[in-house]
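I opened a notebook for this one and jotted things down as I looked them up. Here is the model, followed by my entries.

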Amino acid sequence: MSEKSNESSTRRDFLKASSVVAAGAGVLGNLSFASQAFAAGDDTIRVGLIGAGGRGRGAASQALSTEGNIKLVAIADAFSDRLEDGLTHINGQMQKNKTPERVDIAEENKFVGFDAYQKVLDSDVDVVILATPPGFRPIHFEAAVNADKHVFMEKPVATDAPGVRKVLAAAQAAKQKNLAVGVGLQRHHQKPYLELVDRVHNGAIGDIVAMRVYWNGGGVWDPRRTREECSGEMEYQMRNWYYYTWLCGDHIVEQHIHNLDVGNWLMKANPATGEGYPVSASGMGGRQVRTDKKYGEIFDHHAVEYVYDNGTRMYSQCRHMPGCPGNVTEHAHGTKGVVHLGGRDYSIEGENNTKFKGKYRDPYQVEHDQLFAAIRSGTPYSEAERGAYSTLTAIIGRLATYSGKEIKWNQALNSEISLMPETYAWDAAPPTLPNEHGEYQIAHPGLTKVV
(Lines give C-alpha, C1' and ligand atoms only; values in the text may rest on other atoms or scores of the structure.)
Protein backbone atom coordinates (compact mmCIF):
# COMPACT_ATOMS: atom_id res chain seq x y z
CA MET A 1 0.00 0.00 0.00
CA SER A 2 1.32 3.46 -0.91
CA GLU A 3 1.87 6.13 1.75
CA LYS A 4 -1.05 8.12 0.35
CA SER A 5 -3.32 5.08 0.36
CA ASN A 6 -2.28 4.22 3.89
CA GLU A 7 -3.10 7.75 5.11
CA SER A 8 -6.48 7.61 3.41
CA SER A 9 -7.29 4.25 4.88
CA THR A 10 -6.37 5.44 8.36
CA ARG A 11 -8.51 8.57 8.01
CA ARG A 12 -11.55 6.65 6.74
CA ASP A 13 -11.16 4.05 9.47
CA PHE A 14 -11.11 6.91 11.96
CA LEU A 15 -14.32 8.40 10.54
CA LYS A 16 -16.00 5.02 10.59
CA ALA A 17 -14.90 4.24 14.13
CA SER A 18 -15.98 7.67 15.35
CA SER A 19 -19.40 7.20 13.78
CA VAL A 20 -19.84 3.86 15.51
CA VAL A 21 -18.89 5.43 18.84
CA ALA A 22 -21.32 8.30 18.31
CA ALA A 23 -24.18 6.03 17.27
CA GLY A 24 -23.49 3.63 20.12
CA ALA A 25 -23.69 6.48 22.59
CA GLY A 26 -27.21 7.25 21.41
CA VAL A 27 -26.37 10.80 20.36
CA LEU A 28 -28.95 11.17 17.63
CA GLY A 29 -28.01 14.32 15.75
CA ASN A 30 -25.57 15.37 18.50
CA LEU A 31 -22.96 17.03 16.34
CA SER A 32 -21.04 18.53 19.28
CA PHE A 33 -20.36 15.09 20.73
CA ALA A 34 -19.24 13.83 17.36
CA SER A 35 -16.96 16.81 16.92
CA GLN A 36 -15.31 16.05 20.25
CA ALA A 37 -14.86 12.47 19.16
CA PHE A 38 -13.14 13.67 15.99
CA ALA A 39 -10.91 16.12 17.82
CA ALA A 40 -8.04 13.67 18.14
CA GLY A 41 -7.78 12.89 14.44
CA ASP A 42 -8.64 13.90 10.89
CA ASP A 43 -12.40 14.36 10.74
CA THR A 44 -12.42 15.86 7.25
CA ILE A 45 -15.27 14.62 5.08
CA ARG A 46 -14.11 14.33 1.48
CA VAL A 47 -16.80 15.05 -1.13
CA GLY A 48 -17.02 14.08 -4.79
CA LEU A 49 -19.39 15.87 -7.18
CA ILE A 50 -20.88 13.92 -10.11
CA GLY A 51 -22.67 16.33 -12.43
CA ALA A 52 -21.43 19.94 -12.37
CA GLY A 53 -24.51 21.65 -13.85
CA GLY A 54 -26.71 24.17 -12.09
CA ARG A 55 -28.07 21.97 -9.32
CA GLY A 56 -24.78 20.15 -8.83
CA ARG A 57 -22.98 23.45 -8.24
CA GLY A 58 -25.63 24.53 -5.76
CA ALA A 59 -25.63 21.24 -3.89
CA ALA A 60 -21.83 21.19 -3.69
CA SER A 61 -21.76 24.74 -2.32
CA GLN A 62 -24.36 23.82 0.31
CA ALA A 63 -22.49 20.65 1.28
CA LEU A 64 -19.29 22.71 1.69
CA SER A 65 -21.20 25.17 3.91
CA THR A 66 -22.05 22.57 6.55
CA GLU A 67 -20.34 22.45 9.94
CA GLY A 68 -17.02 20.71 10.46
CA ASN A 69 -14.04 20.05 8.24
CA ILE A 70 -15.08 19.26 4.70
CA LYS A 71 -13.48 19.41 1.26
CA LEU A 72 -14.53 18.94 -2.34
CA VAL A 73 -11.76 16.73 -3.71
CA ALA A 74 -13.10 15.21 -6.95
CA ILE A 75 -15.47 16.28 -9.72
CA ALA A 76 -16.99 14.65 -12.79
CA ASP A 77 -19.16 15.71 -15.69
CA ALA A 78 -19.91 14.39 -19.17
CA PHE A 79 -18.46 17.60 -20.64
CA SER A 80 -15.19 19.33 -19.80
CA ASP A 81 -16.60 22.84 -20.35
CA ARG A 82 -19.46 22.15 -17.93
CA LEU A 83 -17.01 20.75 -15.41
CA GLU A 84 -14.81 23.86 -15.53
CA ASP A 85 -17.81 26.22 -15.40
CA GLY A 86 -19.17 24.34 -12.40
CA LEU A 87 -15.87 24.40 -10.60
CA THR A 88 -15.48 28.13 -11.22
CA HIS A 89 -18.92 28.73 -9.74
CA ILE A 90 -18.21 26.63 -6.63
CA ASN A 91 -14.83 28.32 -6.11
CA GLY A 92 -16.54 31.71 -6.36
CA GLN A 93 -19.13 30.72 -3.80
CA MET A 94 -16.50 29.50 -1.38
CA GLN A 95 -14.56 32.74 -1.86
CA LYS A 96 -17.72 34.64 -0.85
CA ASN A 97 -18.05 32.38 2.18
CA LYS A 98 -14.39 33.02 3.06
CA THR A 99 -13.68 29.29 2.97
CA PRO A 100 -11.77 28.83 -0.32
CA GLU A 101 -9.71 26.00 1.21
CA ARG A 102 -12.81 23.79 1.05
CA VAL A 103 -12.27 23.27 -2.67
CA ASP A 104 -9.11 21.21 -3.09
CA ILE A 105 -9.27 19.31 -6.37
CA ALA A 106 -6.06 18.07 -7.95
CA GLU A 107 -6.00 18.07 -11.74
CA GLU A 108 -5.96 14.26 -11.74
CA ASN A 109 -9.25 14.26 -9.81
CA LYS A 110 -11.18 15.95 -12.63
CA PHE A 111 -13.00 13.36 -14.73
CA VAL A 112 -14.93 13.73 -17.99
CA GLY A 113 -17.17 11.36 -19.96
CA PHE A 114 -19.80 8.69 -19.41
CA ASP A 115 -17.57 6.70 -17.03
CA ALA A 116 -16.40 9.75 -15.06
CA TYR A 117 -18.77 8.89 -12.17
CA GLN A 118 -16.96 5.61 -11.55
CA LYS A 119 -13.60 7.40 -11.38
CA VAL A 120 -14.94 9.69 -8.66
CA LEU A 121 -16.23 6.65 -6.77
CA ASP A 122 -12.82 5.00 -7.14
CA SER A 123 -11.08 8.04 -5.65
CA ASP A 124 -10.75 8.68 -1.93
CA VAL A 125 -14.12 10.29 -1.20
CA ASP A 126 -16.56 9.69 1.66
CA VAL A 127 -19.67 11.30 0.16
CA VAL A 128 -20.84 11.77 -3.42
CA ILE A 129 -23.32 14.30 -4.75
CA LEU A 130 -25.29 12.86 -7.69
CA ALA A 131 -26.59 15.71 -9.84
CA THR A 132 -26.43 14.56 -13.46
CA PRO A 133 -29.62 14.42 -15.58
CA PRO A 134 -32.05 12.13 -13.69
CA GLY A 135 -31.95 9.25 -16.17
CA PHE A 136 -28.46 8.37 -14.89
CA ARG A 137 -29.41 8.50 -11.21
CA PRO A 138 -30.23 4.78 -10.68
CA ILE A 139 -26.94 3.68 -12.26
CA HIS A 140 -24.90 6.16 -10.26
CA PHE A 141 -26.73 5.52 -6.97
CA GLU A 142 -26.32 1.76 -7.25
CA ALA A 143 -22.60 2.18 -8.00
CA ALA A 144 -22.15 4.62 -5.09
CA VAL A 145 -23.73 2.20 -2.63
CA ASN A 146 -21.62 -0.65 -4.01
CA ALA A 147 -18.57 1.57 -3.39
CA ASP A 148 -19.68 2.24 0.24
CA LYS A 149 -20.20 5.98 -0.24
CA HIS A 150 -22.68 8.21 1.56
CA VAL A 151 -24.92 9.97 -0.97
CA PHE A 152 -26.81 13.15 -1.62
CA MET A 153 -28.80 12.79 -4.84
CA GLU A 154 -31.03 15.27 -6.55
CA LYS A 155 -34.64 14.49 -7.32
CA PRO A 156 -36.12 12.84 -9.35
CA VAL A 157 -34.18 9.64 -8.81
CA ALA A 158 -35.18 7.89 -12.08
CA THR A 159 -37.16 8.38 -15.28
CA ASP A 160 -38.67 4.88 -15.66
CA ALA A 161 -39.91 1.96 -13.56
CA PRO A 162 -36.77 -0.22 -13.92
CA GLY A 163 -34.79 2.76 -12.60
CA VAL A 164 -37.14 3.18 -9.62
CA ARG A 165 -36.75 -0.50 -8.74
CA LYS A 166 -32.96 -0.21 -8.98
CA VAL A 167 -33.02 2.74 -6.56
CA LEU A 168 -35.27 0.85 -4.11
CA ALA A 169 -32.91 -2.14 -4.14
CA ALA A 170 -29.85 0.07 -3.63
CA ALA A 171 -31.67 1.90 -0.82
CA GLN A 172 -32.00 -1.38 1.08
CA ALA A 173 -28.31 -2.13 0.56
CA ALA A 174 -27.41 1.37 1.79
CA LYS A 175 -29.39 0.79 5.00
CA GLN A 176 -27.60 -2.49 5.64
CA LYS A 177 -24.27 -0.67 5.27
CA ASN A 178 -25.45 2.30 7.42
CA LEU A 179 -24.78 4.67 4.54
CA ALA A 180 -26.57 8.01 4.83
CA VAL A 181 -28.68 9.00 1.81
CA GLY A 182 -30.28 12.40 1.25
CA VAL A 183 -32.63 13.27 -1.63
CA GLY A 184 -33.31 16.81 -2.88
CA LEU A 185 -36.97 17.03 -1.84
CA GLN A 186 -36.19 20.00 0.36
CA ARG A 187 -39.77 20.72 1.45
CA HIS A 188 -39.21 18.00 4.08
CA HIS A 189 -36.61 20.33 5.61
CA GLN A 190 -38.64 23.54 5.27
CA LYS A 191 -40.13 24.75 8.54
CA PRO A 192 -43.59 25.94 7.34
CA TYR A 193 -44.15 22.60 5.61
CA LEU A 194 -42.99 20.65 8.66
CA GLU A 195 -45.19 22.65 11.03
CA LEU A 196 -48.39 22.67 8.95
CA VAL A 197 -48.18 19.10 7.66
CA ASP A 198 -47.75 17.99 11.28
CA ARG A 199 -50.90 19.95 12.22
CA VAL A 200 -52.78 18.26 9.36
CA HIS A 201 -51.59 14.85 10.53
CA ASN A 202 -52.92 15.73 13.99
CA GLY A 203 -56.40 16.50 12.66
CA ALA A 204 -56.33 20.29 12.07
CA ILE A 205 -58.40 20.01 8.88
CA GLY A 206 -60.14 16.74 9.71
CA ASP A 207 -60.10 13.96 7.13
CA ILE A 208 -58.59 14.93 3.78
CA VAL A 209 -61.18 14.60 1.01
CA ALA A 210 -59.25 16.17 -1.90
CA MET A 211 -55.95 17.85 -2.78
CA ARG A 212 -54.81 20.31 -5.45
CA VAL A 213 -51.13 20.59 -6.41
CA TYR A 214 -49.54 22.85 -9.04
CA TRP A 215 -46.26 23.58 -10.82
CA ASN A 216 -47.35 26.13 -13.39
CA GLY A 217 -44.69 28.46 -14.79
CA GLY A 218 -43.06 29.81 -17.88
CA GLY A 219 -40.62 26.97 -18.39
CA VAL A 220 -36.85 26.53 -18.12
CA TRP A 221 -33.79 27.23 -20.24
CA ASP A 222 -34.04 27.02 -24.01
CA PRO A 223 -31.98 24.32 -25.76
CA ARG A 224 -28.30 25.20 -25.31
CA ARG A 225 -26.74 23.86 -28.49
CA THR A 226 -27.93 23.33 -32.06
CA ARG A 227 -27.44 20.01 -33.78
CA GLU A 228 -24.70 21.61 -35.92
CA GLU A 229 -22.77 22.56 -32.77
CA CYS A 230 -22.69 18.96 -31.51
CA SER A 231 -20.66 15.93 -32.51
CA GLY A 232 -23.77 13.77 -32.97
CA GLU A 233 -27.25 12.96 -31.72
CA MET A 234 -26.08 11.67 -28.32
CA GLU A 235 -24.22 14.89 -27.52
CA TYR A 236 -27.15 16.96 -28.87
CA GLN A 237 -29.60 15.29 -26.51
CA MET A 238 -27.20 15.32 -23.56
CA ARG A 239 -26.55 19.06 -24.01
CA ASN A 240 -30.31 19.70 -24.17
CA TRP A 241 -31.27 17.02 -21.68
CA TYR A 242 -34.39 18.67 -20.28
CA TYR A 243 -36.30 18.03 -23.52
CA TYR A 244 -35.77 14.23 -23.71
CA THR A 245 -37.84 11.86 -21.60
CA TRP A 246 -35.12 9.26 -21.03
CA LEU A 247 -32.88 11.94 -19.50
CA CYS A 248 -35.38 14.25 -17.75
CA GLY A 249 -38.61 12.27 -17.30
CA ASP A 250 -40.60 15.24 -18.74
CA HIS A 251 -41.28 18.27 -16.58
CA ILE A 252 -44.02 16.47 -14.64
CA VAL A 253 -41.23 14.27 -13.26
CA GLU A 254 -38.36 16.76 -13.13
CA GLN A 255 -40.18 19.61 -11.31
CA HIS A 256 -43.76 18.67 -10.44
CA ILE A 257 -42.42 15.80 -8.29
CA HIS A 258 -42.08 18.35 -5.47
CA ASN A 259 -45.83 19.02 -5.31
CA LEU A 260 -46.80 15.37 -5.80
CA ASP A 261 -44.39 14.45 -3.01
CA VAL A 262 -46.18 16.89 -0.68
CA GLY A 263 -49.51 15.27 -1.57
CA ASN A 264 -48.14 11.87 -0.61
CA TRP A 265 -46.74 13.35 2.59
CA LEU A 266 -50.11 14.87 3.55
CA MET A 267 -51.70 11.44 2.94
CA LYS A 268 -49.16 9.79 5.29
CA ALA A 269 -47.77 7.55 2.55
CA ASN A 270 -45.13 5.32 4.11
CA PRO A 271 -41.85 5.04 2.18
CA ALA A 272 -40.60 2.29 4.50
CA THR A 273 -43.42 -0.03 3.40
CA GLY A 274 -44.45 1.49 0.07
CA GLU A 275 -48.03 1.76 1.36
CA GLY A 276 -50.38 4.72 1.09
CA TYR A 277 -49.31 5.97 -2.33
CA PRO A 278 -51.81 6.59 -5.18
CA VAL A 279 -53.37 3.45 -6.57
CA SER A 280 -54.05 4.93 -10.01
CA ALA A 281 -53.73 8.00 -12.22
CA SER A 282 -55.53 9.28 -15.30
CA GLY A 283 -55.15 12.54 -17.15
CA MET A 284 -54.38 14.50 -20.28
CA GLY A 285 -51.57 16.60 -21.69
CA GLY A 286 -49.75 17.65 -24.83
CA ARG A 287 -47.70 20.32 -26.63
CA GLN A 288 -49.55 23.53 -27.39
CA VAL A 289 -46.96 26.32 -27.05
CA ARG A 290 -43.57 24.62 -27.07
CA THR A 291 -44.02 22.94 -30.45
CA ASP A 292 -40.74 23.68 -32.27
CA LYS A 293 -38.61 20.62 -33.00
CA LYS A 294 -35.81 22.09 -30.89
CA TYR A 295 -37.97 21.24 -27.84
CA GLY A 296 -37.42 17.54 -28.34
CA GLU A 297 -40.19 15.18 -27.30
CA ILE A 298 -41.66 16.37 -23.97
CA PHE A 299 -45.12 17.89 -23.38
CA ASP A 300 -45.65 21.46 -22.18
CA HIS A 301 -48.70 20.70 -20.01
CA HIS A 302 -50.11 17.81 -17.96
CA ALA A 303 -53.31 17.54 -15.87
CA VAL A 304 -53.59 14.37 -13.78
CA GLU A 305 -56.15 12.98 -11.34
CA TYR A 306 -54.57 10.64 -8.78
CA VAL A 307 -56.68 8.28 -6.64
CA TYR A 308 -55.61 6.99 -3.22
CA ASP A 309 -56.88 3.72 -1.79
CA ASN A 310 -59.43 5.48 0.47
CA GLY A 311 -60.92 7.28 -2.53
CA THR A 312 -59.23 10.64 -1.91
CA ARG A 313 -58.34 12.45 -5.13
CA MET A 314 -55.27 14.59 -5.83
CA TYR A 315 -55.77 16.95 -8.78
CA SER A 316 -52.45 17.92 -10.30
CA GLN A 317 -51.41 20.48 -12.92
CA CYS A 318 -48.02 21.36 -14.37
CA ARG A 319 -47.57 23.78 -17.23
CA HIS A 320 -44.69 25.46 -19.08
CA MET A 321 -46.29 28.39 -20.89
CA PRO A 322 -44.79 31.91 -20.85
CA GLY A 323 -47.28 34.70 -20.29
CA CYS A 324 -49.64 32.63 -18.12
CA PRO A 325 -50.01 33.04 -14.34
CA GLY A 326 -47.53 31.08 -12.25
CA ASN A 327 -48.57 28.84 -9.39
CA VAL A 328 -46.32 26.48 -7.43
CA THR A 329 -48.42 25.45 -4.44
CA GLU A 330 -50.17 22.59 -2.67
CA HIS A 331 -53.61 22.58 -0.98
CA ALA A 332 -55.51 19.91 0.94
CA HIS A 333 -59.25 20.15 1.64
CA GLY A 334 -60.51 18.38 4.74
CA THR A 335 -63.75 17.92 6.65
CA LYS A 336 -62.77 20.75 9.05
CA GLY A 337 -60.78 23.11 6.86
CA VAL A 338 -58.16 23.70 4.19
CA VAL A 339 -54.37 23.89 4.34
CA HIS A 340 -52.45 26.10 1.92
CA LEU A 341 -48.76 25.41 1.31
CA GLY A 342 -46.31 27.19 -0.99
CA GLY A 343 -46.04 30.59 -2.60
CA ARG A 344 -46.48 33.23 0.11
CA ASP A 345 -49.28 31.49 1.97
CA TYR A 346 -48.66 28.86 4.61
CA SER A 347 -51.91 28.71 6.53
CA ILE A 348 -54.90 26.70 7.66
CA GLU A 349 -58.45 27.95 7.19
CA GLY A 350 -61.40 26.47 9.08
CA GLU A 351 -62.04 25.34 12.65
CA ASN A 352 -58.32 25.62 13.46
CA ASN A 353 -57.25 28.83 11.71
CA THR A 354 -53.51 29.44 11.80
CA LYS A 355 -50.81 31.09 9.78
CA PHE A 356 -47.11 30.23 9.84
CA LYS A 357 -45.08 33.15 11.21
CA GLY A 358 -41.75 31.49 11.90
CA LYS A 359 -38.36 32.52 10.59
CA TYR A 360 -37.25 31.37 7.15
CA ARG A 361 -34.20 29.16 6.77
CA ASP A 362 -32.96 28.05 3.36
CA PRO A 363 -34.24 24.45 3.12
CA TYR A 364 -31.55 23.59 0.57
CA GLN A 365 -28.93 24.39 3.21
CA VAL A 366 -30.89 22.72 6.02
CA GLU A 367 -31.15 19.43 4.12
CA HIS A 368 -27.37 19.33 3.75
CA ASP A 369 -26.78 20.40 7.36
CA GLN A 370 -28.90 17.50 8.57
CA LEU A 371 -27.42 14.94 6.16
CA PHE A 372 -23.81 15.75 7.07
CA ALA A 373 -24.62 15.88 10.79
CA ALA A 374 -26.03 12.36 10.44
CA ILE A 375 -22.89 11.20 8.62
CA ARG A 376 -20.67 12.60 11.37
CA SER A 377 -22.75 11.09 14.16
CA GLY A 378 -23.39 7.73 12.48
CA THR A 379 -27.14 8.27 12.77
CA PRO A 380 -29.21 6.17 10.33
CA TYR A 381 -30.44 8.51 7.59
CA SER A 382 -32.33 7.41 4.48
CA GLU A 383 -34.48 9.44 2.11
CA ALA A 384 -33.92 7.18 -0.90
CA GLU A 385 -37.19 5.25 -0.70
CA ARG A 386 -39.26 8.39 -0.33
CA GLY A 387 -37.44 9.80 -3.35
CA ALA A 388 -38.11 6.63 -5.33
CA TYR A 389 -41.85 6.45 -4.56
CA SER A 390 -42.41 10.16 -5.19
CA THR A 391 -40.54 9.75 -8.47
CA LEU A 392 -42.86 6.85 -9.37
CA THR A 393 -45.88 9.04 -8.51
CA ALA A 394 -44.69 11.54 -11.09
CA ILE A 395 -43.88 8.80 -13.61
CA ILE A 396 -47.37 7.27 -13.46
CA GLY A 397 -48.75 10.75 -14.13
CA ARG A 398 -46.62 10.96 -17.28
CA LEU A 399 -47.64 7.46 -18.32
CA ALA A 400 -51.30 8.48 -17.95
CA THR A 401 -50.94 11.65 -20.02
CA TYR A 402 -48.78 10.03 -22.70
CA SER A 403 -51.16 7.08 -23.10
CA GLY A 404 -54.49 8.76 -22.32
CA LYS A 405 -55.36 5.73 -20.18
CA GLU A 406 -55.75 4.98 -16.49
CA ILE A 407 -52.49 3.67 -15.06
CA LYS A 408 -52.43 1.51 -11.94
CA TRP A 409 -49.62 1.94 -9.40
CA ASN A 410 -48.49 -1.69 -9.45
CA GLN A 411 -48.83 -1.82 -13.22
CA ALA A 412 -46.36 1.06 -13.48
CA LEU A 413 -44.02 -0.17 -10.73
CA ASN A 414 -43.69 -3.57 -12.39
CA SER A 415 -43.29 -2.26 -15.95
CA GLU A 416 -40.30 -3.66 -17.82
CA ILE A 417 -40.21 -0.80 -20.32
CA SER A 418 -36.83 0.90 -20.02
CA LEU A 419 -36.21 4.35 -21.49
CA MET A 420 -32.43 4.12 -21.24
CA PRO A 421 -29.93 3.45 -24.09
CA GLU A 422 -28.31 0.06 -24.51
CA THR A 423 -24.88 1.68 -24.85
CA TYR A 424 -23.44 4.83 -23.32
CA ALA A 425 -21.01 6.40 -25.80
CA TRP A 426 -20.89 9.55 -27.89
CA ASP A 427 -21.28 7.54 -31.10
CA ALA A 428 -24.06 5.32 -29.69
CA ALA A 429 -27.71 5.83 -30.59
CA PRO A 430 -29.93 7.40 -27.91
CA PRO A 431 -33.27 5.64 -27.37
CA THR A 432 -35.24 8.18 -29.42
CA LEU A 433 -34.11 9.47 -32.80
CA PRO A 434 -35.46 12.28 -35.00
CA ASN A 435 -36.72 11.91 -38.56
CA GLU A 436 -34.94 13.45 -41.54
CA HIS A 437 -36.39 16.86 -40.59
CA GLY A 438 -35.04 16.71 -37.04
CA GLU A 439 -38.50 16.06 -35.58
CA TYR A 440 -39.15 13.53 -32.81
CA GLN A 441 -42.13 11.25 -32.40
CA ILE A 442 -44.32 12.82 -29.73
CA ALA A 443 -46.46 10.68 -27.42
CA HIS A 444 -49.97 10.28 -28.87
CA PRO A 445 -52.70 9.61 -26.27
CA GLY A 446 -54.77 6.62 -27.29
CA LEU A 447 -51.92 5.12 -29.33
CA THR A 448 -48.71 5.35 -27.32
CA LYS A 449 -47.80 2.22 -25.33
CA VAL A 450 -46.27 3.07 -21.95
CA VAL A 451 -46.37 -0.09 -19.78
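**Entry: Asp250**

I began with Asp250, which counts as buried because its relative accessibility is 0%; buried means under 20% relative accessible area, exposed over 50%, and partly exposed in between (1.4 Å probe, protein chains only). Asp250 is not a glycine, yet I found a positive phi of about 80 degrees there. I placed Asp250 in the loop between helix H10 (245-248) and H11; helices (H or I, at least four residues) and strands (E, at least two) are DSSP runs, numbered from the N terminus.

**Entry: ground rules**

I am working from a predicted model, where local features need pLDDT of at least 70 and side-chain atom pairs count only at pLDDT 80 or more, while totals for chains, interfaces and linings use all residues. Residues are numbered from 1 along each chain as its sequence is written, and side-chain values use heavy atoms, with hydrogens and water left out.

Lys268 is not a glycine either, and I noted a positive phi of about 60 degrees for it. Lys268 sits in the loop between helix H12 (257-266) and strand S8 (280-286). Is Lys268 buried or exposed? Lys268 counts as exposed, because its relative accessibility is 51%.

I also looked at the bond between Lys155 and Pro156: this peptide bond is cis, with omega about -25 degrees. Pro156 belongs to the loop between strand S5 (150-153) and helix H7 (161-176).

**Entry: two valines**

I found Val253 in helix H11 (residues 251-254). Val253 counts as buried, since its relative accessibility is 0%.

Val304 is in strand S9 (residues 301-307) and is buried, with a relative accessible area of 3%. The C-alpha atoms of Val304 and Tyr193 are 23 Å apart, and the two residues are 111 apart along the chain.

**Entry: the core**

Next I looked up the largest nonpolar core, which has 79 residues; such a core is a set of buried Ala, Val, Leu, Ile, Met, Phe, Trp, Tyr and Cys residues joined through side-chain atoms within 4.5 Å. Val128, Phe141, Met153, Leu266, Val339 and Leu341 touch the most other members. Helix H14 (residues 384-403) gives this core its largest share, 10 residues. At least three core residues come from each of domain 1 (42-185) and domain 2 (187-358 + 384-440); the domain bounds come from an automatic or database domain assignment.

**Entry: the pocket**

How many residues line the largest pocket? I noted 50, with Arg55, Ala131, Thr132, Pro133 and Trp241 nearest its centre. A pocket, on a 1 Å grid over the protein atoms alone, is an open set of points where a 1.4 Å probe fits, with protein on both sides within 12 Å along at least five of seven lines; lining residues have an atom within 4 Å of a point. Among the elements giving two or more residues to this lining are helix H3 (54-63) and strand S2 (70-77). Both domain 1 and domain 2 supply at least three lining residues.

**Entry: cysteines**

I checked for disulfides, a disulfide being a pair of cysteine sulfur atoms within 2.5 Å, and the count is 0. For Cys230, the nearest cysteine sulfur is that of Cys248, 17 Å away. Cys230 counts as buried at 12% relative accessibility. For Cys324, the nearest cysteine sulfur is that of Cys318, 14 Å away. Cys324 counts as partly exposed at 34%.
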